[in-house]
Amino acid sequence: MHKQIEAIIENIEKVMIGKREVAELSVVALLSGGHVLLEDVPGVGKTMMVKALAKSVGAEFKRIQFTPDLLPSDVIGVSIYNPKTLQFEFRPGPIMGNIILADEINRTSPKTQSALLESMEEASVTIDGKTLDIAKPFFVMATQNPIEYEGTYPLPEAQLDRFLLKIKMGYPNAQEEIEVLRRAERTQPIINLLPVISLDELLALQEEVKQVYVEDSVKSYIVQLARATRNVSEIYLGVSPRASIALMKASQAYAKMQDRDYVKPDDVQYLAPFVFGHRIILRPEARYEGITTEDILDRIITKSVIPIKRYAEQ
Amino acid sequence: MKKNVFSIVELAVYYVIVFIILREWLIPIMKLTGTGHMELILFFIALSLILSLFRIHFVVSIVIKLAYISWFIVTIYSGYSILSAEGMHFLVSELTANIGLLVQANWVSVTDPFRTLLFLVLIWMLIYLIHHWITVRMSIFYFLVLTVLFIGTLDTFTEYDGTFAIIKIILLGLITIAFLFLKRLIIESGAELDWLKYMKLVVPVILLIGLSCITAIFLPKSEPQWPDPVPFLKAAAGKGGNEEGQKGVSKVGYGEDDSNLGGPFVADDTIVFTAQSETKQYWRVETRDVYTSRGWIKSDYFTDASTVFDPYMDITHSLPVGPEEGTKQAAISMLYPYDFVVQPYGLKSVGLMDSNEGYQFLMDDNSEKITPHFNKNPAPLTNYFVEYSKPVFLYSDLKNSNLDNLDPSLAERYLQLPENLPDRVRELAVSVVEGEESVYDKARAIEMYFRQNSFRYDTDDVAIPTEDQDYVDQFLFETKIGYCDNFSTSMVVMLRSVGIPARWVKGFAGGEIIDTNGDMKTYEVTNNDAHSWVEAFIPNVGWINFEPTIGFSNTRSIDYNIETSEVERDELSVNEEKTEPDEVVEDKKDVQQKSSNGNNIFLNAIKEYKWMFLIGFIVLVGAALLLYLKRTKWIPKVYVKFNRKKKLDESSFELMYLQLLKILEMKGFKRQKGQTLQSFAKEIDRYFETNHMGKMTNAYEQYIYAKDSAEVDFNQMKESWEYLINRATS
């Protein structure tokens, strides 16, 4: 495992108990410049996760609590007339940080959602005709309550596509929960958490991730998986080529995390459910039958052929 | 694994049983093949068993066995002492000569001493195998089944009576199997049995085996339903049925035993010898004088008489020799170690090549067979040459021949006919020569008789006379289909029936020209040229050869002197030459058939041997199926064999790795197509409790997925590869 990345994850683990996988996946998203959608019920440590991650890399952490009455300007910022200087001054919104926790994103109106998501995609905000780049690294971790909950505005598929990974936190097991209680007795350890790498080092890591080699046979494996989602009868909408790119980038980051400078099908296979899961829309019939996206992706992965030879043009 | 689980006494008991069973193997072999010295072979078996019982070091054991085999061969076959120079010389020459024959795949000529050697080596191997079965596998079931099958087959199909042998083998074999099984059980379970408990297990087994054997002995048994498979197979193939008393198909070639003629034979183009000579001629080997109505045997007219000739000495024989000025030479190279000298007509002397000093020739006065001898022992001679001058017969002499003053000794010997010869043979002969004046013309008439009257030359569809049938009678009146033996024997019998002394000659036809060098031509004579023909005694002229077989031509020269009228000569020359083109006509027919039915030949062959093809096909399919079903067993072995020595490097890495996957798959470790190599490797390593697969897979993944393949320690890879293959295939 890559030493720096290992350090980040271990740092997170100091406060998050039994959530190594979530931590790893979050770091993967961070390294590949993508964003994460955390989906789970409240109270399982989503916020703690993001905070820990932000602290570990020494990044500026901002939190936006999405409410039904939140306006786009509350997210991206607003220009205010300064009577002293007789000029409009831009007051940057919380989006202009490094690591942003967009809490309960599906509770706000679509208008505000799209303001957030657009800035996520472009890594910049446009206000009053001026485009402002958001400082790098820029990492949004959005959380949403499961869509079946009351008072939610489900994210449209085009928006969902902008998240690199969708991760479920899940409940800790009994042992872990006892440990959580034990720690909560005293002060929250998050307060004492120190950064393990600097922002510059993180940016350098992001650059390195882009250098991770993806052999054509592995690319073709990614494409094979992506195409398979478009040909399954239970799926109403398969994944887009953007999803294929996302899978590749995530795999690169995951490979880097393993301290490897090339991507293996193992990486792709492991990440595919997290990358594709939220981009697939099942047919209602399939949903009624209780088939989940996980089941179908599982099936696709089992049926796809792992390349075990050097790539040869077909 | 290889522990001494048997005590010596225990093993000795098993070996005694094995010895008894092997003795039952030997008895029928000895009986049926007419081999002697059974006690010496039994001693060899005992020796081998004892050596393996005491776990004598294999080098010592091999030396002892080889010494015994050498002693056996030298003592039995040459009579010399093994320690003498002659004995060693005998051994070495036998070995070198026979290994040469083996290399040439000339199985038939391998000599008896060498066959004995091979037989003893076979026993040696067998005992090794049995030793393995007993001590390692602890089961002699296969050996027992083989033995029972072997004895059973011999008992059913031959005159060997194996009734008690089978009972003995079954009894001993079952008891042995039971004890070995018990032994295996004890070892596997790790149980300690005291004497009483052991007995509790053993006694019922012995009682059970004894009881079932006794019951089996007293049960009524039917006769074999299928005593001899050969007629059944032939009938099934649609080839038998019309003739009774079939025997197996023989192979063409020069045989010694002519006492039972008849039956089909198959072609054999083994080259017997090559002859360099100016003329094409028949090569005479020996004659036969006594016809038994089943075949020919040699009389003892001259008791134990033989004449010795030195090389180049004039040979006296019964045949006429041509004039001095017509003397020619022919050089013979025997390629097949027959023990005779081939004689052209008009033989004068036999000469030697330089390297063959010390040879003499011995002629059997009864058959006129000439055998080369060296140091008074028969010894095949490879290269020699013969001097001969072809006799020329005056037509006038032939024309004026009559039987008035026939030498009574000739008449006694060469007019012999079996008493039970059917009268119709005699009557036919008389009618054929009716109207002919001279002895020669009568003989000619009989010779020509076979060319007409719908006789047919065939080597396949040839009958064997039944118990009370005469060979000649069957051919002349019933089948009219046959080959040289049928024609020549019939002609001799017919000649004798009309009072003309005649004898049956065996030898070779002229062969085919393979090389021409000026006047000298090289003829290649194969086993297909083995032939028989007729010599008739024409008073005042001597023995003359006749050729009754359709499709063959004789080579006697007749001088039609001026005393004969013009017309008659023409007629006669036509007659004489008629024999010559016969072969040509026949050949042409063959050629036409071949060219016009080019495609049909194959189809015909299939039609004719459709059963053979069917059986062959079924066997092939069966074999293929077996190979396919057992592929997981043998393919890995083949892979390993092919690749063990192969270097594992960058270029072969992919291949070797994929092969490893394939072998693992055959052994039940199938990688699902969606399973990554890494997770598969983990599975394998977990199963074999190693990390070799992981190591290899890491390197391989780097090799196929990474941009630059990193430094891989291929020696280590090879080690892992071999380890995994061995684990998978063991």
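What share of the contacts in chain A with a separation of 6 or more comes from residues 24 or more positions apart? I looked this up first: the share is 78%. For contact I used C-beta atoms, placed from the backbone, that lie within 7 Å.

**Ground rules.** I am working with a predicted model, where local features need pLDDT of at least 70 and side-chain atom pairs count only at pLDDT 80 or more, while totals for chains, interfaces and linings use all residues. Residues are numbered from 1 along each chain as its sequence is written, and chains are lettered from A and ligands numbered from 1 in the order in which they are written.

**Chain A, overview.** I find 13 helices and 11 strands in chain A. These are DSSP runs numbered from the N terminus, H or I with at least four residues for helices and E with at least two for strands. Chain A has 314 residues, and 42% of them count as buried. My cut-offs, again with C-beta atoms placed from the backbone: buried is 20 or more other C-beta atoms within 10 Å of the residue's own, exposed is 12 or fewer, and partly exposed is in between.

**Helix α10(A).** Helix α10 of chain A covers residues 241-257, and 13 of its 17 residues are buried, so it is largely enclosed by the rest of the structure. I checked its length too: at 1.5 Å a residue the helix should span 24 Å, and its end C-alpha atoms are 24 Å apart, which agrees. The expected span is 1.5 Å times one less than the number of residues. Just after α10(A), I noted a positive phi of about 60° at A:Asp259.

**α10(A) against α11(A).** These two pack at an angle of about 130°, with axes 9 Å apart. Axes are lines fitted to C-alpha atoms, for helices over the stretch in contact, and angles run from 0 to 180 degrees between N-to-C directions. The pair is therefore oblique, given that under 35 degrees is roughly parallel, over 145 roughly antiparallel, 65 to 115 roughly perpendicular and the rest oblique. The crossing is right-handed, a term for a near helix turned clockwise from the far one by less than a right angle, with anticlockwise being left-handed. Residues making the contact include A:Leu247 and A:Tyr254 of α10(A), and A:Leu271 and A:Phe276 of α11(A). By class I get 12 nonpolar, 1 polar and 1 charged. Nonpolar means Ala, Val, Leu, Ile, Met, Phe, Trp, Tyr, Cys and Pro, charged means Asp, Glu, Lys and Arg, and the others, Gly among them, are polar.

**α10(A) against α2(A).** Helix α2 (residues 20-31) and α10(A) have axes that come within 8 Å and cross at roughly 115°. This crossing is right-handed. Among the residues that meet are A:Val27 and A:Leu31 in α2(A), with A:Ala250 and A:Met257 in α10(A). The classes divide into 7 nonpolar, no polar and 2 charged.

**Across to chain B.** The contact takes 20 residues from chain A and 13 from chain B. On the chain A side, α9 (216-230), α11 (265-276) and α13 (293-303) each supply at least two residues.

**Chain B.** I count 23 helices and 22 strands here, and 27% of the 730 residues are buried. I stopped at B:Pro320, in the loop between β7 (306-309) and β8 (328-334). It counts as partly exposed because it has 17 C-beta neighbours inside 10 Å. Beyond its neighbours within four places in sequence, B:Pro320 is in contact with B:Pro391, B:Gly542 and B:Trp543.

Key. Contact = placed C-beta atoms within 7 Å.
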